[in-house]
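Look at the model, then read on.

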Amino acid sequence: MAKTPPAVFQQRFSRRRFLGTTIAGMGAALTASMPRISVADAKTVKIGMNIPMTGDYAPWGLPGLYGCEIIANNLNAAGGVEIGGDKYMIEMASYDHGYDTEKSVQGFKKLVLEDDVKMVMMLGGSTVASIIPWAMRKKMLTTTLLPSDITPDTPYLVATCESHPLYNVTGVEWLAEKNPDLKTAVIITTNDIEYGKQSAATYKAAFEVAGIDVLDTNFHGFDVVDFAPIVSSLLAKKPDIFCMATDVYTTPIIEQLFHQGYEGKIVSCTCDGYPDVIAKTSKEFVEGLVFQFPDFDDPKLVGGDVNFPDPGGFDAAFNKDHAGEWSAVAWEYPSILLNWVESAQAAGSIEPTEVLQAMKSDESPAHTFGPGKWWGAALWGLDNAVIGDWPVVAINDGRARIQEFRSVYNWCETNVAELSKQMKDLDLRVA
Amino acid sequence: MSKAGILQIAGILVLLLALLVLPNYLKYHHQDFMIFLFINILVVVSYRLMTLTGEWSLIHIVMMGVGAYTSALLSKNLGFPVWVSMPMAGVSAGLMAALLCFPLFRMTQFYFLIGSFAVGEAIRLAWIFFVYPFGGSSGVSSIPPPELLGIDFMEPIPYFYLVLSVVTICLVILYRVENSRFGLTLHAVHWKASLAESVGVNTWKYRSLAFIVASLFVGIAGALKIHYLGNVTPHQFGVGTMVFVLIWVIVGGYNTFFGPILGAIVLSVLDESLRDLEEFRPAIYGVILIAAIMFMPKGLESVPSGIRQWFSQRKSPG
């Protein structure tokens, strides 16, 4: 399947590119064009992050805060952002809930009631579920990286960046097209609903659509310390593809594949720590490993429809201060922040309901990897997730490199019935 | 009533009055903190009742979960009013404890401790395994808050007063239980089990009753917690949380009714003030626990008497 054709998504002026240009050095020109508004006159708008910054889930929280601070500092250095005729400096307000529902509620209320934030970014799962009743009653614009958190009762909850795990379909689709001889797969994943089972159901649907038989699926707990027996039992099925639907245990599982002499293809949802994987196996072994999250110095992120200002510069800035801490959320939360800036500018207001209205009124909202579409009613009961193109990434010569962009939206529109069936088979909520 | 008794009651009344006005002077964040603190106080005090018999278990937090899940499922799926589902939470936790008495109290001491951990984990894993009705690892969300005369119990201040009322009533009952003939028998079962049995006390029955009553109250604590959070998951009732309860009780001291309360208050305040040192929290807790065992084996509750003793020794030379 080709990249989303322009006919599908209306080509639009990218405010984000404008922001990128601003960040890159047009602060002076901007100031000159609005001489009556100085930095000293600027107001401050706070954006909240209620995320895990410590504990097992910290890699899915803390790098996002670092990334947002880079973007906020850049925007502020360029004089702030103009919203509704006023100049605003962006300030990040964060709360570490450590992936604890009790602290998540405390943190959310603190951010909203004490810090007066205008949007709260969250990871998703049970920590989002715990704040939903209160957040929806307060009409607080809240974001999640797990669109499966969305229900018909969550009008103020949106997933504007990551659409875990829908993007996985593009990797399978690409792999099947490039390797028509691949006919069988096995899946390994965690047994939780938020991440593991959602991802397994999506992969199963993608394999089914691609004509690949899933021979076995292993749902394991979070307490596994030795993957040798699990990997052995899966390899006994002699699969052409070994699929890891969640990333928590990517490194020890790939180590086992290496030690047990696996020679087939490996597909993974994410592989943030791939340098570590290479160090523990070999560059040759992981060559061609397919996953979904690019490094941001990837040449294919420059130009095209990518809606992220200066990805390479961002990558360099992040690694300068936080080397070794990169994960996918490092760019995902900043991307959501940039979405908010665009929508607030379109709304001419920082108020959550007005910003949300501006977001939803855009039929082709800017998504990180190109224009997107509001989607989700068919699966979760509400069109509150933005999906569009997503990159297929493979490891080439020790580096994660984008192979091509593919449309998650087109796949979902065509195959939502299969996806829904697989979700139901795993007792997952479907609208 | 003795003068000391009157002073004690007066002190408690003053404390309650102070608590009635306190939330109006707190930030929202601290109002939430107070709500969870009161719930934790009920958890540790009910746990102490169990320890009176000399048995320490690792299942107490899971029994809290039994109450929490019961109230969540009754109110959300079956439409029970929260005012009904909350007491039912206590009843269900008590019934579950009654069932578990048969396998668990065939063991004592260390074996009981390990047995209680195994049974607790089995229950917790059942919540994860059975997606229907427990919601699997995601648990149950959108649990309704209580409804009464249009009061918004999703807001911290009304819920603070609800928790304060329920926990105060529960503490009074637990205090009365401990100081009743039944409570004294629990002490006897702990310290003089053979003697108690020789005079006709059924120690198995009293151990079981202590477990059931403790579970009943912690079940109510579970219901109080989840109707405020609006969400219940198996992860809230893991052994990690149980370890915190143990530390609160040990550091506070478990020889008097007020020791665990003191431990919960002091360590919760410390915990909150260490938010910026999150990564070091387990280490800090470890140091506190070791220091408490080494230098305050009777817990924080022994500090005032220790100070009094120190002063009296200084006043009376020789």
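Q: What percentage of the 318 residues of chain B count as buried?
A: The model is predicted: local features need pLDDT of at least 70, side-chain atom pairs count only at pLDDT 80 or more, and totals for chains, interfaces and linings use all residues. Residues are numbered from 1 along each chain as its sequence is written, while chains are lettered from A and ligands numbered from 1 in the order in which they are written. A residue is buried if 20 or more other C-beta atoms, placed from the backbone, lie within 10 Å of its own. In chain B the buried share is 42%.

Q: What radius of gyration does chain B have?
A: This radius is taken over C-alpha atoms, and the globule rule is 2.2 Å times the number of residues to the power 0.38. For 318 residues the rule predicts a value near 20 Å for a compact globule, so chain B agrees with 20 Å.

Q: How far apart are the C-alpha centres of domain 1 and domain 2 of chain B?
A: Domain bounds come from an automatic or database domain assignment. Domain 1 of chain B spans 29-237 and domain 2 spans 244-318. Their C-alpha centres are separated by 24 Å.

Q: Which element gives the largest share of the side of domain 1 of chain B that touches domain 2 of chain B?
A: Contact means C-beta atoms, placed from the backbone, within 7 Å. Domain 1 of chain B brings 14 residues to the contact and domain 2 of chain B brings 12. Helices are DSSP runs (H or I, at least four residues), numbered from the N terminus. The largest share, 10 residues, comes from H2(B).

Definitions and conventions: Contact = placed C-beta atoms within 7 Å. Helix = DSSP H or I, 4+ residues; strand = E, 2+ residues; numbered from the N terminus. Buried ≥ 20, exposed ≤ 12 C-beta atoms within 10 Å, placed from the backbone.
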